[in-house]
Amino acid sequence: GAARPGVGVACWAACVRWPRPVDPLGGLRAATRKPSPARCRRGQVVWLLECLEREELNYLLRSQVPTTLARRARGTEGDPSLRALVAGDLIELATGASKVQHDLRASAVLALGRIGAALPTDLDGDIFEALAKVARESRQPEVRTLALIALGQVGARRSYRMPLDERRVQA
């Protein structure tokens with residue numbers, strides 16, 4: 001992890017390319033045991049969220065996790081709770097305390113742009129508000145610019161449908 005972040009980044013990329021079904025019993029299983037990352041998309045998301053919080057991991061490696069999470073959470077019509085689970089952590093990283101590393105904050109902002117949509121839901125409203133706050137208040141010009149780009153992506157998306165090339169990977 002710390003010595004060779006490239007290997008870890010390759011693992012995150014492999015996670016996205018390794019299609020897992022959405023776990024239809026995810027809510028029921030969560031009450032009894034943790035879902036396996038090898039068996040379902042919910043397990044992958046839970047595992048990635050745990051990795052995101054591991055501060056001992058190289059920051060370059062951790063900064064790749066939000067994008068991977070966004071890819072895993074998009075297109076989950078069968079389990080919209082995954083998108084909400086991911087969005088909560090990403091919003092916290094994007095708008096959180098100043099101790100969040102620049103690369104991690106920037107990655108969280110871009111990931112929010114991938115999972116938000118111009119829909120009248122509470123979650124999409126929260127994503128929009130978080131991105132607008134970052135665009136207004138961030139002290140880092142690059143992060144402000146990325147927040148504006150993410151807002152544009154959210155505003156342009158009127159559904160959760162993905163482009164054909166991403167659907168193939170997420171199946």
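**Helix packing and overall make-up**

Modeller: This is a predicted model. In it, α5 and α7 are roughly parallel to each other, because their axes cross at roughly 15°, and angles under 35 degrees count as roughly parallel.

Colleague: Within what distance do the axes of α5 and α7 come?

Modeller: The two axes come within 8 Å, and α5 covers residues 65–73. The crossing of α5 past α7 is right-handed.

Colleague: Which residues make that contact?

Modeller: On the α5 side they are Pro-66, Thr-67, Ala-70, Arg-71 and Ala-73. From α7 come Leu-104, Ser-107, Ala-108, Ala-111, Arg-114 and Ile-115.

Colleague: And how do the residues of the contact of α5 with α7 divide?

Modeller: Seven are nonpolar, two polar and two charged.

Colleague: Now α7 and α8. At what angle do they pack?

Modeller: The angle between α7 and α8 is about 145°, and their axes lie 10 Å apart. Here α7 passes α8 in a left-handed crossing.

Colleague: Which residues of α7 and α8 are involved?

Modeller: Val-109, Leu-112, Gly-113 and Ile-115 of α7 meet Asp-124, Ile-127, Leu-131 and Val-134 of α8. By type, this set has six nonpolar residues, one polar and one charged. Ile-115 of α7 takes part here and also in the contact with α5.

Colleague: What lies in the loop between α7 and α8?

Modeller: Pro-120 is placed in that loop, with α7 spanning 102–115 and α8 spanning 122–137.

Colleague: Is Pro-120 buried or exposed?

Modeller: Pro-120 is exposed, because its relative accessible area is 85% and exposed means over 50%.

Colleague: How far is Pro-120 from Arg-158 in space?

Modeller: Their C-alpha atoms are 9.8 Å apart, while 38 residues separate Pro-120 and Arg-158 in sequence.

Colleague: Let us step back to the whole chain. How many helices and strands does the protein have?

Modeller: There are ten helices and zero strands. Read from the N terminus, the order is therefore α-α-α-α-α-α-α-α-α-α.

Colleague: What share of the residues is buried?

Modeller: Of the 171 residues in the protein, 44% are buried. The protein exposes about 9,200 Å², and carbon and sulfur atoms supply 56% of that area.

Colleague: One last point: what percentage of the contacts join residues at least 24 apart?

Modeller: Taking contacts between residues at least 6 apart in sequence, 65% join residues at least 24 apart.

Note on methods: Residues are numbered from 1 along each chain as its sequence is written. This is a predicted model: local features need pLDDT of at least 70, side-chain atom pairs count only at pLDDT 80 or more; totals for chains, interfaces and linings use all residues. Side-chain values use heavy atoms; hydrogens and water are left out. Helices (H or I, at least four residues) and strands (E, at least two) are DSSP runs, numbered from the N terminus. Buried means under 20% relative accessible area, exposed over 50%, partly exposed in between (1.4 Å probe, protein chains only). Contact means heavy atoms within 4.5 Å. Accessible areas come from the Shrake-Rupley method with a 1.4 Å probe; for residues, only the protein chains shown count as cover. Axes are lines fitted to C-alpha atoms, for helices over the stretch in contact, and angles run from 0 to 180 degrees between N-to-C directions. A crossing is left-handed if the near helix is turned anticlockwise from the far one by less than a right angle, and right-handed if clockwise. Ala, Val, Leu, Ile, Met, Phe, Trp, Tyr, Cys and Pro count as nonpolar, Asp, Glu, Lys and Arg as charged, and the others, Gly among them, as polar. Angles under 35 degrees count as roughly parallel, over 145 as roughly antiparallel, 65 to 115 as roughly perpendicular and the rest as oblique.
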